[in-house]
Amino acid sequence: MWAPKPTLVRLDVDGVVHPMTRSDDGWWHTVVDAPAGARYGYLLDDDPKVLPDPRSPRQPDGVHDRSQLWNPSDTWTDGEWAGRSVEGAVIYELHVGTFTAAGTFDAAIEKLDYLVDLGVDFVELMPVNSFAGTHGWGYDGVLWYSVHEPYGGPDGLVRLVDACHVRGLGVLIDAVFNHFGPSGNYLPRFGPYLSSGSNPWGEGVNIADADSDEVRRYIIGCALRWMRDFHADGLRLDAVHALVDTTAVHILEEMATETDWLSQEVGRPLSLVAESDLNDPRLITPRDHYGYGITAQWDDDIHHAIHTAVSGERQGYYADFGSLATLADTLRRGFFHAGTYSSFRRRRHGRPLDTKAIPAGRLLAYTCTHDQVGNRALGDRPSQHLTGGQLAIKAALALGSPYTAMLFMGEEWGASTPFQFFSSHPEPELAKATVEGRKAEFAGHGWDAHDIPDPQDPQTFQRSKLNWDEVDAGDHALLLGFYRDLIALRRKDPDLADPWLDHLTVDYDEELRWIMLSRGQLRIACNLGGEPVTVPVAGDVVLAWGEPSGSVDGTVLEGHSVAILRHR
């Protein structure tokens with residue numbers, strides 16, 4: 001146990017206390033024979049409370065109680081799984097607690113055949129590390145090495161990953177290393193885990209201050225554990241712009257290097273996907289070209305450009321987006337803000353992407369994420385405001401682009417249920433602060449505080465569960481069929497496999513509200529307006545939402561419709 005702060009550390013195993021010996025480097029040691037599944041924890045100085053292990057493998061009674069011994073399963077059946085990189089894939093982001101009515105890993109397994117039929121390549125799990133309470137988004141984790149028990153604990157996660165691999169699905173796990181949650185974080189009692197700074201979600205993590213070497217090992221060890229012990233095919237790294245690292249070797253570069261080493265050891269690709277607000281291509285630039293060597297990163301500019309052009313929303317950080325020119329620019333360049341002025345930030349933002357050196361598959365395109373839905377005041381989805389044609393256009397622009405594509409659970413059938421922000425903090429003071437903070441945050445965006453759901457109300461959680469009964473009904477089924485066909489086309493058509501943005505042509509008419517992506521012989525033509533328009537391209541229709549028809553000038557598209565054509 002690394003605990004440089006206390007002067008006395010003792011190990012408690014099933015109520016029996018064992019002394020520990022300290023080394024000069026702050027590590028404490030003892031050797032104890034313990035039965036499988038033993039409950040244990042640590043006593044610091046003269047405090048009688050038994051604290052959980054910072055590297056706890058399991059927390060059967062929650063984050064405030066004893067840890068439990070757990071060894072990686074020997075029941076894996078995924079020995080034939082060769083893995084694959086995320087570049088160019090279709091990723092499906094889901095929240096375990098709301099993906100099904102039961103909200104468990106085992107219940108999610110029952111839906112995997114549906115995902116295979118949909119055609120996705122990867123399942124991305126929102127954080128499954130241990131956090132206080134029974135339900136929440138998972139981003140307030142405090143024991144990063146253990147698995148949230150209400151989902152099914154570590155054994156349940158093993159079953160889910162194994163079941164995914166048997167079906168040919170890769171698994172990414174969302175990992176949060178930029179802050180600790182406010183409830184159950186005992187790590188500062190052990191050592192200098194916190195930095196002197198903070199970020200919007202809590203106290204920052206000490207990755208560059210004095211005595212940070214062991215904290216960095218704690219983080220990287222956790223990242224490798226998900227991929228080694230739980231067979232994950234990679235990680236989604238939450239808000240890496242909040243990892244303030246002033247050392248010469250950024251922790252992301254160090255993590256990417258060790259992930260590549262582990263990849264060689266296990267004999268299959270392992271991917272790191274960063275969420276970043278910086279529009280900085282150094283994240284995905286290879287290390288031999290002085291980048292960090294991260295596999296891919298989320299690209300919110302693509303989301304904003306597609307969403308605003310289709311929906312017409314312009315509030316907050318959408319202010320610089322909305323025109324077809326902006327949409328075309330973003331699709332061609334990867335980033336819209338690339339050293340350009342951001343009115344939302346009131347400063348220059350971003351850096352240009354070298355489209356000749358970095359393939360588009362290293363950026364993720366999406367029309368929905370847990371953030372872009374759940375961080376709206378009401379957690380309302382685009383499907384609650386847009387027509388089926390508008391949703392089809394958004395899907396075609398994202399999935400028909402050269403970028404790696406990502407869906408958010410339920411998007412593909414236009415789910416009617418919201419995805420709201422919910423929590424279950426057991427401390428009354430923290431619960432009250434969460435509710436008030438949420439209202440204050442959205443009041444600043446112009447939303448009525450009285451309309452904002454109470455995160456602590458159990459019904460907020462229940463409302464956010466997907467309704468699987470609607471999948472095969474009416475317009476939901478029509479949209480799902482379009483998504484399936486679009487993903488199948490993306491998978492089998494060689495023109496859609498070209499990852500180079502220099503080969504992408506985007507034409508548009510701002511006044512008539514049409515835009516067209518040209519990829520090899522394929523044309524993805526979209527009419528974002530409400531009236532029929534003629535797009536200057538002729539060809540055989542491969543896939544359409546609406547009923548395109550030929551004319552002497554090209555192809556006529558109905559209002560809010562899309563057609564994918566093979567150019568003659």
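How many bridges join strand E21 to E22, and in which sense do the two strands run? Good morning. The model I shall discuss is a predicted one. In it, strand E21, residues 505-509, is joined to E22 by five bridges, and the two run antiparallel. Between E21 and E22 lie four residues, and together the two strands form a hairpin. In that turn, Arg513 has a positive phi of about 70°.

Let us now consider E22 itself. Why is strand E22 described as largely enclosed by the rest of the structure? Buried means under 20% relative accessible area, and six of the six residues of E22, residues 514-519, are buried, so the strand is largely enclosed. In a regular strand, side chains alternate between the two faces of the sheet. In E22, Trp514, Met516 and Ser518 are buried on one side, while Ile515, Leu517 and Arg519 are buried on the other.

Finally, I turn to the second largest pocket, with a volume of about 360 Å³. Its lining comprises 19 residues, and Met1, Leu11, Tyr40, Tyr42 and Asp53 lie nearest its centre. By type, the lining divides into 15 nonpolar, two polar and two charged residues. Strands E1 (9-13), E4 (28-29) and E5 (39-44) each supply at least two of the lining residues. Thank you for your attention.

Definitions and conventions:
Residues are numbered from 1 along each chain as its sequence is written. This is a predicted model: local features need pLDDT of at least 70, side-chain atom pairs count only at pLDDT 80 or more; totals for chains, interfaces and linings use all residues. Side-chain values use heavy atoms; hydrogens and water are left out. On a 1 Å grid over the protein atoms alone, a cavity is a set of points where a 1.4 Å probe fits but cannot get out, and a pocket is an open set with protein on both sides within 12 Å along at least five of seven lines; lining residues have an atom within 4 Å of a point. Grid points are joined across faces, edges and corners, and a volume is the space filled by probe spheres set on the points. Ala, Val, Leu, Ile, Met, Phe, Trp, Tyr, Cys and Pro count as nonpolar, Asp, Glu, Lys and Arg as charged, and the others, Gly among them, as polar. Buried means under 20% relative accessible area, exposed over 50%, partly exposed in between (1.4 Å probe, protein chains only). Two strands pair if DSSP finds at least two bridges between them.
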